[in-house]
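Hi,

Here is the structure I promised. My notes follow below it.

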Amino acid sequence: MTLLALGLNHKTAPIDIRERITFGPDIIAGALRSLTERAGIDEAAILSTCNRTEIYCAIHPPAEEGVKAWLGSFHGMESERISPFLYTHVDQGAVRHLLQVASGLDSMVLGEPQILGQVKSSFQTACDCGTVGKLLGRLFQHTFSVAKQVRTDTAIGSSPVSVAFAAVSLARQIFSDLSNQTALLVGAGETIELAARHLRQHQLGRIIVANRTIERAHALAEQFNGFAIGLTEIADHLPEADIVISSTASPLPVLGKGTVERALKKRKHRPIFMVDIAVPRDIEPEVGELSDVYLYTVDDLQGVVDEGMRSRQQAAEQAAEIIEVHTEEFMCWLRSLDAVGLIQDYRRRAEQVRDEVLVRALRQIEGGKPAADVLGYLAHTLTNKLLHIPSTRLRQAGREGNLELLNAANELLQLSEDIKSAR
């Protein structure tokens, strides 16, 4: 049995290819059943996100080409069209790749934590569909354990690597507990949405979204149980805000020094943490002169982001070492399955030989042959038959210079001698 990982991601395929090779929640169950119905494919799981589509399989070679052909045909594309964008990893490479993916080492944003949840979800879906067996079951459980260790033993996810993340990290340094704080988010673009997500993850108390287009403000606010206002209402609600993060496309500032001064008076000079991510700036630079305001610009945050990326790169090196150790650990288990099968086959063959020789020995006793002679025959014949194949293989190994097999046989012989001595 061979482990196979096959797929494409943001590094290997453009978005127009990635968006055609996806598996939504409504089709993934049927896809898994369709895939495992093909000859040579025993187990399968599919990971499909906006940045990657990957298939993990336990197969009998040469079913790898069958997986590629199935992927193309399922999405109505010729294999030749998608083959240039695909990567494949087999056995050890497949194990290492899944560990890297789940640990965030293969993500667009190094160390991002969402991918682990997506891997767990894909595994659960495959389990529900009955397409996971012994190999993939063990592999995914091993993966979850390793990804947790990477998160625990390294700083792979602790340093900010986006402006939104950096802004929220600074806010947490000023307000250690965000549960009683209110954030005013000005704008409704991707950066503001990402900041809102980070704030919610840290149990922010309340969110206000201000935007020029009130409908967009409502759409974003609803996601986070907040409420929306227009830009003209900012002055009325600014006194409520402990945190202000602004990122609009306005050519002129939307927050001036006078507006902030009036808000501070109503707040009785409780401090406001403000982050201006916009270019050109949304908040007048003079606001930073106020004693109860902590104002940061995108340039201030870039240093935090760069330092965070350096920290994550160092953590990624540590994570890679952890992954390498646990990849080999899984491969040892996988190789042991081959040994188990070999041992079981050899035992069955030995029992068959035993039964055949025993039948002959019993016939000799029934024919009146002395018991001592029959026992001698039984011992001699069993020894010769059981040692014939191993002896032949060892002679062949000697002729071919197969030192690995000869050394393994010698270690086994020495072990048997040690057991004998211990008795």
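Which strands does helix 2 lie across? Helix 2 (residues 28–36) lies across strand 2 and strand 3. Its direction runs at about 150° to strand 2. Helices (H or I, at least four residues) and strands (E, at least two) are DSSP runs, numbered from the N terminus. Angles run from 0 to 180 degrees between N-to-C directions, with axes fitted to C-alpha atoms, for helices over the stretch in contact.

Before more detail, the ground rules. This is a predicted model: local features need pLDDT of at least 70, side-chain atom pairs count only at pLDDT 80 or more, and totals for chains, interfaces and linings use all residues. Residues are numbered from 1 along each chain as its sequence is written, and side-chain values use heavy atoms, with hydrogens and water left out.

The sheet is open, with four strands in the order 2-3-1-4 and antiparallel pairing. Two strands pair if DSSP finds at least two bridges between them. Strand 2 (41–48) and strand 4 (87–90) each have a single partner strand, so one side of each lacks a neighbour in the sheet. Strand 2 and strand 3 (residues 52–59) share seven bridges. There, Ala44 stands opposite Cys57.

Cys57 also belongs to the largest nonpolar core, which has 63 residues. Such a core is a set of buried (under 20% relative accessible area, 1.4 Å probe, protein chains only) Ala, Val, Leu, Ile, Met, Phe, Trp, Tyr and Cys residues joined through side-chain atoms within 4.5 Å. Helix 13 (residues 298–366) gives the largest share, nine residues.

Best wishes

Note on methods. Contact means heavy atoms within 4.5 Å. Buried means under 20% relative accessible area, exposed over 50%, partly exposed in between (1.4 Å probe, protein chains only).
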